[in-house]
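Welcome, and please take a moment to look over the sequence and the model below.

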Amino acid sequence: STSSPMTRGAAHSTDVDTARGRRERHHSRSSSSSLSRERRDGRRGRGEGASMRRRSRSMDDDDGRERRRRREDSRDGGGRDGERYYHRGGERARRERRSRSREREDGAPASTTLAERMRRDGDGGRYGVADAEDVPAPVIPKEEASFALSGLLAAESNSVKGVALKYIEPRGEAKLPTQKWRLYCFKGKEECEEPYKISGQTRYLIGRDRAVVDIPSDHPSCSKQHCVIQFRDVDDGEGAQPYAFDLGSTNGTFVNKKLIDANAYVKLKAKDTLSFGHSTRLYVLLHEGVVS
């Protein structure tokens, strides 16, 4: 027989309610199972945390006992000089305490330092080291006071008209010559200047700075303080003799047309020639005996 539309609608509504109820029950069971799982995980986590805390307290207790044991050992092992021994069980400290007790009973003073405990007969009073009385103390020479100028004071004292000189005369060697020396200047074959008499002082400065030099050399290739002719007595029996000393000039100093080293003395003889930089002027060194 055929059912009416109303009957079919009621049946469909009942099926829908039944399916909805199943889904709600399934969701409820899923939620309850998830909640149970979370509770179990929480209990497990709390159990693990408690176990870790118990282990941590146990380790802290062990560390505390170890520290107390070390303090006791240090008190037992400390001597009058403050020696401390940190050994497990304090066996060494107890042995040291018994040894000191025996020494006190025998009337001998207790050893307080490692060196005293390691002392042996014939070792000079100290283990492996001779007595201090047997080793002479090194003699340290007393430094004498020096009143010589240095630094800026020396530069200020070695200046002319406020210009600091590059050259400082050698002490004890700078002396006046006994012979009368002269310096003749030639350009080509002609004498271009009056001869310079270089016997009245111990050194003569040559260069472009006319404010400080004794013998001017105006060529652009010459330095302001180019070279020095220094009279030195080096105790060779010849008396004070002339020496050329280049002051680190840019273009150099030439003796007999050969470049000389900077900041070094070169001995000069009569008839030697000097030239400076690229200048064509030639200076000839002579003394009165050769001139006559």
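The paragraphs below go through charges, cysteines and backbone angles in turn.

This is a predicted model, in which local features need pLDDT of at least 70 and side-chain atom pairs count only at pLDDT 80 or more, while totals for chains, interfaces and linings use all residues. Residues are numbered from 1 along each chain as its sequence is written, and side-chain values use heavy atoms, with hydrogens and water left out.

**Charges that pair**

Side chains of opposite charge can pair when their charged atoms come close. Here a salt bridge is a side-chain nitrogen of Lys or Arg within 4 Å of a carboxyl oxygen of Asp or Glu.

| Pair | N to O distance |
|---|---|
| R232 and E173 | 2.7 Å |
| K267 and D236 | 3.8 Å |
| E238 and K267 | 2.7 Å |

Let us begin with R232 and E173, whose side chains meet in a salt bridge. R232 belongs to strand β8 (residues 227–232), and E173 sits in the loop between β2 (163–164) and β3 (181–187), so this pair ties together parts that are 59 residues apart in sequence. Helices (H or I, at least four residues) and strands (E, at least two) are DSSP runs, numbered from the N terminus. R232 counts as buried because its relative accessibility is 12%, and E173 counts as partly exposed at 25%. For these words, buried means under 20% relative accessible area, exposed over 50%, and partly exposed in between (1.4 Å probe, protein chains only).

The other two pairs share K267. K267 and D236 meet in a salt bridge, and this pair links distant parts of the chain: K267 is in strand β12 (residues 265–267), while D236 is in the loop between β8 and β9 (241–246), 31 residues apart. E238 also forms a salt bridge with K267. Because E238 lies in the loop between β8 and β9 and K267 in strand β12, this pair ties together parts that are 29 residues apart in sequence. Salt bridges that share partners join D236, E238 and K267 into one network. Each member is partly exposed: K267 has a relative accessible area of 34%, D236 has 36%, and E238 has a relative accessibility of 44%.

**A patch of like charge**

On the surface, R53, R54, R55 and R57 gather in a patch of positive charge. Such patches are made of residues with over 30% relative accessible area and no salt bridge, with like charges joined within 9 Å and nonpolar side chains (Val, Leu, Ile, Met, Phe, Trp, Tyr) within 5 Å. Lys and Arg count as positive and Asp and Glu as negative; His and the chain ends are not counted.

**Cysteines**

With a disulfide taken as a pair of cysteine sulfur atoms within 2.5 Å, the count comes to zero. For C192, the nearest cysteine sulfur is that of C185, 3.3 Å away. C192 is partly exposed, with a relative accessible area of 35%, whereas C227 is buried at 0% relative accessibility.

**Positive phi angles**

K257 is not a glycine, yet its phi is positive, at about 65°. K257 is found in the loop between β10 (253–255) and β11 (258–259) and is exposed at 70% relative accessibility. N263, in the loop between β11 and β12, has a positive phi near 55° and counts as exposed at 51% relative accessibility.

Definitions and conventions:
Areas by Shrake-Rupley, 256 points an atom, 1.4 Å probe, with all protein chains shown as cover. Charge placed at Lys NZ, Arg CZ, Asp CG, Glu CD.
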